[in-house]
Amino acid sequence: QVQLVETGGGLVQAGGSLRLSCAASGSIISINSMGWYREAPGKQREFVAQIRSAGSTKYADSVKGRFTISRDKAKKTVYLQMNSLGPEDTAKYYCNAELSTIEQLGANFWGKGTLVTVSL
């Protein structure tokens with residue numbers, strides 16, 4: 001069974017920074033990509049950032065220049081450094097991974113999310 005566990009959410013003032021972490025565990029053979037999505041109250045879940053196995057990264061336009069995604073392959077962990085946070089970044093942040101296990105190839109998994117609240 002694969003688990004994605006997010007940590008690092010919390011309350012921060014506008015202009016501040018937070019670093020989210022997501023650790024993957026379980027019978028994982030390979031990881032194609034790991035990334036972050038977020039869901040603000042009353043809105044649909046949206047893409048934030050992704051890092052693929054070769055190291056390429058992709059960002060939503062709304063976070064480019066402010067957020068940085070990185071990873072530790074050995075620890076199967078992905079990070080999201082969030083700087084210059086604003087109230088519009090308030091959301092529950094979900095970790096996503098596309099990975100292969102013994103039973104499934106290229107399957108999608110989600111964490112339970114971590115809440116980020118940005119106050120004025």
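**View 1. Fifteen residues line the largest pocket, with I31, M34, R71, K73 and K76 nearest its centre.** The model is predicted: local features need pLDDT of at least 70, side-chain atom pairs count only at pLDDT 80 or more, and totals for chains, interfaces and linings use all residues. Residues are numbered from 1 along each chain as its sequence is written, and side-chain values use heavy atoms, with hydrogens and water left out. The largest pocket holds about 180 Å³ of space. Two or more lining residues come from each of β4 (28-39), β5 (46-52) and β7 (67-72). β4 gives the most, seven residues. By type, the lining splits into five nonpolar, five polar and five charged residues.

Terms for this view: a pocket is an open set of points on a 1 Å grid over the protein atoms alone, where a 1.4 Å probe fits, with protein on both sides within 12 Å along at least five of seven lines; lining residues have an atom within 4 Å of a point. Its volume is the space filled by probe spheres set on the points, which are joined across faces, edges and corners. Nonpolar covers Ala, Val, Leu, Ile, Met, Phe, Trp, Tyr, Cys and Pro; charged covers Asp, Glu, Lys and Arg; the others, Gly among them, are polar. Strands are DSSP runs of E, at least two residues, numbered from the N terminus.

**View 2. Four strands form an open antiparallel sheet in the order β1-β3-β8-β7.** The edges are β1 (3-7) and β7, each pairing on one side only. From one strand to the next, the twist averages 15° (axes are lines fitted to C-alpha atoms; angles run from 0 to 180 degrees between N-to-C directions). Inside the sheet, β3 (residues 18-25) and β8 (residues 77-82) pair antiparallel over six bridges. Pairing requires at least two DSSP bridges between two strands. C22 has V78 of β8 as its bridge partner.

**View 3. One disulfide is present in the structure.** C22 and C95 are joined, S to S 2.0 Å (the cut-off is cysteine sulfur atoms within 2.5 Å). The link is left-handed, with -80° about the S-S bond. It connects distant parts of the chain: C22 lies in β3 and C95 in β9 (residues 91-101), 73 residues apart. Both cysteines, C22 and C95, are buried (under 20% relative accessible area, 1.4 Å probe, protein chains only; exposed is over 50%, partly exposed in between).

**View 4. S62 sits in the loop between β6 (57-59) and β7.** S62 is partly exposed, at 42% relative accessible area. Its C-alpha atom is separated by 26 Å from that of I31, 31 residues apart along the chain.
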